Amino acid sequence: MTGNASQVCVFGTGLYEAKKRRKATFKIDASQAGPGLILVGLYSPVGPFERLVIKRIMPNSPGFVYKVSYRVRHRGEYLLSILYGLNMEHVPGSPFIVLVE
């Protein structure tokens with residue numbers, strides 16, 4: 001269960017922008033990366049974000065595709081980190097800067 005972080009694809013507007021008190025989402029496709037651990041963290045100017053929801057899409061399929069959603073309460077610039085694999089390496093593009101209006 002090593003997983004290759006460089007083979008993970010992430011996409012969706014929630015990687016770059018969000019609106020205060022509205023749900024933001026993005027997807028993580030680890031189908032080509034092999035099985036591995038996944039860690040997603042969102043950090044605000046005042047500290048770690050309280051709640052992210054990660055759901056595996058189509059859990060009965062052989063692929064590993066996840067939908068991540070979150071809501072933020074305050075405007076500002078957030079840091080979104082996505083790590084994958086046994087060595088917990090950043091996926092391509094991570095960390096992301098999320099602007100919240």
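Colleague: Which residues is leucine 80 in contact with, leaving aside its neighbours within four places in sequence?

Modeller: Leucine 80 touches Gly14, Leu15, Phe26, Val40, Gly41, Leu42, Ser94, Pro95, Phe96 and Val98. Contact means heavy atoms within 4.5 Å. This is a predicted model: local features need pLDDT of at least 70, side-chain atom pairs pLDDT 80 or more, while totals for chains, interfaces and linings use all residues. Residues are numbered from 1 along each chain as its sequence is written, and side-chain values use heavy atoms, without hydrogens and water.

Colleague: Which residues touch the most other members of the largest nonpolar core?

Modeller: Leu80 is one of them, along with Phe26, Ile28 and Ile82. The core has 24 residues. A nonpolar core here is a set of buried Ala, Val, Leu, Ile, Met, Phe, Trp, Tyr and Cys residues joined through side-chain atoms within 4.5 Å.

Colleague: Which strands each supply at least two residues of this core?

Modeller: β3, β4 (38-44), β7, β8 and β10 (96-100) do. The largest share comes from β8, with four residues.

Colleague: What does the side chain of tyrosine 84 reach?

Modeller: The backbone nitrogen of glycine 36, at 3.1 Å.

Colleague: And how far is the C-alpha of tyrosine 84 from that of glycine 3?

Modeller: The two C-alpha atoms are separated by 6.8 Å. Along the chain, the two residues are 81 apart.

Colleague: New topic. How many helices and strands does the chain have?

Modeller: Zero helices and ten strands. Both are DSSP runs numbered from the N terminus: helices are H or I with at least four residues, strands E with at least two. From the N terminus on, the elements run β-β-β-β-β-β-β-β-β-β.

Colleague: What's the strand order in the open sheet of four strands?

Modeller: β1-β3-β7-β6, with antiparallel pairing. Two strands pair if DSSP finds at least two bridges between them. β1 (9-11) and β6 are the edge strands, each pairing on one side only. From one strand to the next, the twist averages 20 degrees. Those angles run from 0 to 180 degrees between N-to-C directions of lines fitted to C-alpha atoms.

Colleague: How many bridges join β3 and β7?

Modeller: Six, in the antiparallel sense, between residues 24-29 and 65-70. Aspartate 29 has valine 65 as its bridge partner in β7. Threonine 25 stands opposite serine 69.

Colleague: And how many between β6 and β7?

Modeller: Five, also antiparallel, with β6 covering residues 53-57. Lysine 55 has lysine 67 as its bridge partner in β7.

Colleague: Back to serine 69. Is that residue buried or exposed?

Modeller: Serine 69 counts as buried because its relative accessibility is 14%. Beyond residues up to four places away in sequence, serine 69 touches Lys23, Ala24, Thr25, Leu52 and Val53.

Colleague: What share of the chain's residues count as buried?

Modeller: 35% of the 101 residues.

Colleague: What share of the contacts with a separation of 6 or more comes from residues 24 or more positions apart?

Modeller: 62%.

Colleague: Last one. What does the C-alpha trace span along its principal axes?

Modeller: About 35 × 25 × 20 Å.

Technical notes. A polar contact is a pair of N or O atoms within 3.5 Å; within protein, one must be able to donate a hydrogen and the other to accept it, and residues adjacent in sequence count only if both atoms are side-chain atoms. Buried means under 20% relative accessible area, exposed over 50%, partly exposed in between (1.4 Å probe, protein chains only).
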